[in-house]
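Okay, hi everyone, thanks for coming. Let me put my protein up on the screen, and then we can walk through it together.

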Amino acid sequence: MFVPLTPLRCLHRAIDVFGSKTGIVSGDRTFTYAQFGERCEKLATGLPKFGIRPGDRVAYLSFNTHQLIEGYFGVVQARGIVMPLNVRLSELELTSILCHSGARMLMFEDDFAPMVEKLRKNCPAVEKWVALDGHGPRAGLSYEEIVDAGHSERADIFTYDEMSVAELFYTSGSTGTPKGVTLSHRTLYLHALDVCTIMKDIESMVDLHTIPMFHANGWGRPQASTYMGIPQVMVRRFEPAFVYELIQKHKATDMCLVPTMANALINAPDRDKWNTSSMRRVMIGGAAASPELVERVEKAFPSAECIAGYGLTETAPVITSSRHKVPSYATNDERLRRQAMAGWPLPGVTVRVVDMDMRDVPRDMQAIGEVVAMGDHVMEGYYREPEATDAVMTGPWFHTGDMAVWDEDSYIHIVDRKKEIIISGGENISSIEVERAIFSHSAVFECAVVAAPSDQWGEVPAAIVVLKPGESVTSEELMAFLEQRLGKFKLPRIIEFSEEPLPKTGTGKIRKMVIKEKFWAGKEKRVQG
């Protein structure tokens, strides 16, 4: 029997099977899955009364709240396309995205009211400006008005086209202009099922939505957690003390973090005052992890295992994870090394590491190739950009732009972004490998390694390092430390210390292109030898 694949089935199962169970916790409000489902349905039936038609884009400028996660199902049930926006983008960037997408409605929290006032002047396609917190001084319509105008009515899933677009997410733009990634009902549903296969102890799981849900690692979980009836706690804004408070209060068991978030949590000065014994699994994604980071996270959360996950906005997002593939590892160092890798594929997706001719590179953990993916998780394409879509596809294979090595067990280890590989004197140097070596020094809080110009070698590694408060180390001492861990040609020829945090995107990724610019501007700074 053919039943359309849609994330609405995740919601229906939660209502039917887990209706009386706590579903969503957002600030001081708690909703059972039955209550949550009713609000989603009322949103869905209310939206058409305010002009939303099938295929319309409904944008959200919001932190993690119950209204945002209601949009994941309510907007989709209304046959619209839900589009969470990166709240850290500038007015110019948001204007560009809203105009490119042709969004017809924007939901916003009052925190962003001043920004919305500016956006209204430059985004004529947006016809409805909806205040999530009430009427607000700059909106003529409130979110609750839309919900109150609707009624509880289950969607007839047989009337939905599983290949129609349900979500539109714009990439972070860390390596170029943001592109709109379209994800279909089918893609989202199958991704949710596959994510469910890597969950553990589901009956007692409490999911903490730590990463903003405009980020791939944030929006990749709600459908799966809803499908399995898992309580979901919204972290409205990431602040270490607040995260610890929520873990203790709600006995959270699982959370996802990008490395910069993990680093902030493990270095929080008051972390020992909180009871985190409920935490069982921390997944690191969004950027490459390291064995040292995995070890530090597990020391900060002694009851938890820390594993890595890998994926992109274009892959819905998760395609691999470093969950255990064997009952135990020979040594603890081997365990940490494996858990810091991108890992092995989830069901529903095939992942390869290939050369420029799409041939598999040797599975020897030495030969470097590009990660390509095929399967249920791959996007339908970039919105309104067919040429950009064609540029990243070879038949059914999506080119991730990430360079990696792999082994006979299909473990993937990311070595760098294709655009961030440093080519020095004909040798390929992984900036991530150098960063991992620097980060393993106990005094280092964060670091970034980029290519700097060199008359002799073409380009060489340059490191920008931020130390932990109260710690000190000289460039000479750090270089001596690195000489024990890296080949000579990989050593940074420039080491600079910064007292300011490194620049980051709205999703927490370090903006290497910004750091790199200062070395290449006019190519004035040359490095000898």
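So, before I point at anything: when I say two strands pair, I mean that DSSP finds at least two bridges between them. And please keep in mind that this is a predicted model.

Let's begin with the sheet. It's an open sheet of nine strands with mixed pairing, and the order goes β2-β1-β11-β10-β12-β13-β14-β15-β16. At the edges sit β2 (29-32) and β16 (344-345), and each of those pairs on one side only. Now look at strand β13, residues 281-284, and strand β14, residues 305-311: they run parallel, and four bridges join them. If you want one spot to look at, find I284, which stands opposite A308 in β14. Then there's helix α12, residues 291-300, which packs on the sheet and touches β13 and β14. The direction of α12 makes about 135° with that of β14.

Next up, two helices. At what angle do α10 and helix α11 pack? About 80°, with their axes 9 Å apart. Angles of 65 to 115 degrees count as roughly perpendicular, so α10 is roughly perpendicular to α11. On the α10 side the contact is made by P240, V243 and Y244, and on the α11 side by A264, L265 and I266. Sort those by class and you get six nonpolar residues, no polar ones and no charged ones.

Okay, charges now. Side chains of opposite charge can pair when their charged atoms come close. How many salt bridges does the structure hold? The count is 27, and I'll show you a few.

Here's one: the side chains of E144 and R39 meet with N to O at 2.7 Å. E144 is in helix α6 (residues 143-149) and R39 is in helix α2 (residues 33-46), so this pair ties together parts that are 105 residues apart in sequence. Buried means under 20% relative accessible area, so R39, at 11%, counts as buried. E144 comes in at 27% and counts as partly exposed.

Another one is E109 with R236, at 2.9 Å, N to O. Both residues sit in loops: E109 between β5 (105-108) and α5 (113-122), R236 between β11 (232-234) and α10 (240-250). The pair therefore ties together parts 127 residues apart in sequence. E109 is buried, with a relative accessible area of 3%, while R236 is partly exposed at 30%.

Then we've got R186 and D376, whose closest N and O atoms are 3.8 Å apart. This pair links distant parts of the chain, 190 residues apart, with R186 in helix α7 (residues 185-196) and D376 in the loop between β18 (369-375) and β19 (381-382). R186 is partly exposed at 28%, and D376 is partly exposed at 22%.

And salt bridges can join up, too: E334, R337, R338 and D407 are linked in a network of them.

Last stop: I157, in the loop between α6 and β8 (165-170). Is I157 buried or exposed? It's buried, with a relative accessible area of 13%. Leaving out residues up to four places away in sequence, I157 touches V3, P4, T6, L8, R9 and H12. Its C-alpha atom is 51 Å from that of A451, which sits 294 residues away along the chain.

How values were computed. Residues numbered from 1 in each chain as written. Predicted model: local features only at pLDDT ≥ 70, side-chain atom pairs only at ≥ 80, totals over all residues. Heavy atoms only, no water. Salt bridge = Lys/Arg side-chain N within 4 Å of Asp/Glu carboxyl O. Buried < 20%, exposed > 50% of the residue type's maximum accessible area, 1.4 Å probe, protein only. Contact = heavy atoms within 4.5 Å. Axes fitted to C-alpha atoms, helices over the stretch in contact; angles between N-to-C directions. Parallel < 35°, antiparallel > 145°, perpendicular 65-115°, else oblique. Nonpolar A, V, L, I, M, F, W, Y, C, P; charged D, E, K, R; others polar.
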